[in-house]
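User: I would like to go through the terms used for this model one by one, and to see how each value is set against its definition.

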Amino acid sequence: MDLQGKKILVTRAKAQASALSSQIEANGGVPVEMPLISCKEVENKCAIHNAVNSIHTYDWIVFTSKNGIDFFLLEYVKLKGTTKIPCKIAVVGKKTEDILADYGLHADLIPKLFVAESLLESLLNVLHTGERVLFPRGNLARTVIPESLRENNIYVNELDVYENVIEDNSKDQLYKAILNQEIDVVTFTSSSTVDNFVKLLEGTNWRDHIGEMIFASIGPITSKTMLKHGLPVHVEPSEYTIQGMLDSVMDNLKEDKSC
């Protein structure tokens, strides 16, 4: 199986695109990097610093993204001089576990499925009433975990450690690539990239030119956002990882070829 030289649109933030692009190339595809989102530090860091200075009062810290780990530990190391965290750590999946390991940290909890709902279920199995959870996140993160934990009488500090912003510089390039049929497969690795894809193309006739494209989602939450915007979901892997998504794209291409 391979990607058959197909041109694959990579919509992730510039700093995160290379990992997906490398896997596309390794599987015989041609990555087309066009970041639709970028991440930046929050301006006011008082809340982060307060959380870091009181880290010993928390029982768990929960990470649901690479950015959540990177931006939190950036400030944590500045204040503490170490990455050592004196509470248990939960992560949403293998990728976040790997990022955590890069900092010399160990994940105490990883869900069976790499989505927030599965992580929530795993947390509810181990957390106790009155325990305290720190939840470093981006400004657009879903609230399913903190809201449900609070309903179970668990204290949660939702801590914005970074901001997601739309990448306006990609607007013209994106429309031209669609108009000129320069993309075979569109990949979405988050709901934010789906939202920004549609926002950047507002006011154009882009929907008239996507008939031959394959739209790939990394998981059910992203797929739900795609459907909300009227986008087709041709590919959704059973394992919600980048490689799982690319494997499913290759399966899709193989099926098309056999028809």
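Analyst: Buried means under 20% relative accessible area, exposed means over 50%, and partly exposed covers what lies in between, with a 1.4 Å probe and protein chains only. This is a predicted model, in which local features need pLDDT of at least 70 and side-chain atom pairs count only at pLDDT 80 or more, while totals for chains, interfaces and linings use all residues. Residues are numbered from 1 along each chain as its sequence is written, and side-chain values use heavy atoms, with hydrogens and water left out.

User: Why does Asn164 count as buried?

Analyst: Asn164 has a relative accessibility of 15%, and therefore counts as buried. Asn164 belongs to strand β7, residues 155–166, where strands (E, at least two residues) and helices (H or I, at least four) are DSSP runs numbered from the N terminus.

User: What does Asn164 touch, residues up to four places away in sequence not counted?

Analyst: With contact meaning heavy atoms within 4.5 Å, Asn164 touches Ile37, Ser38, Cys39, Asn139 and Leu140. The C-alpha atom of Asn164 is also 6.8 Å from that of Lys40, although the two residues are 124 residues apart along the chain.

User: What makes Asn157 count as buried?

Analyst: Asn157, which also lies in strand β7, has 19% relative accessibility and on that value counts as buried. Its contacts, leaving aside neighbours within four places in sequence, are Ala51, Tyr58, Val133, Leu134 and Phe135.

User: Why is the pair of Phe188 and Phe215 called stacked?

Analyst: Rings of Phe, Tyr and Trp (its six-membered ring) pair if their centres lie within 6.5 Å, and planes under 30 degrees apart count as stacked, over 60 as edge-to-face and the rest as tilted. By this rule there are 7 aromatic pairs. The ring centres of Phe188 and Phe215 are 6.5 Å apart and the planes stand at 25 degrees, so this pair is stacked. The pair links distant parts of the chain, since Phe188 is in strand β8 (residues 185–188) and Phe215 in strand β9 (residues 214–217), 27 residues apart. Phe188 is buried at a relative accessible area of 0%, and Phe215 is likewise buried at 0%.

User: How do you know that Phe197 and Phe215 are edge-to-face?

Analyst: Their centres are 6.3 Å apart and their planes stand at 85 degrees, which is the edge-to-face case. Phe197 lies in helix α8 (residues 191–200) and Phe215 in strand β9, so the pair ties together parts that are 18 residues apart in sequence. Phe188, Phe197, Trp206 and Phe215 form one aromatic cluster.

User: Why is α8 described as largely enclosed by the rest of the structure?

Analyst: Of the 10 residues of α8, 7 are buried, and therefore the helix is largely enclosed. The buried residues are Ser192, Thr193, Val194, Asn196, Phe197, Val198 and Leu200.

User: What makes α5 roughly parallel to α6?

Analyst: The axes of α5 (residues 116–126) and α6 (residues 144–151) come within 9 Å and cross at roughly 25 degrees, which makes α5 roughly parallel to α6. Angles under 35 degrees count as roughly parallel, over 145 as roughly antiparallel, 65 to 115 as roughly perpendicular and the rest as oblique; the axes are lines fitted to C-alpha atoms, for helices over the stretch in contact, and angles run from 0 to 180 degrees between N-to-C directions.
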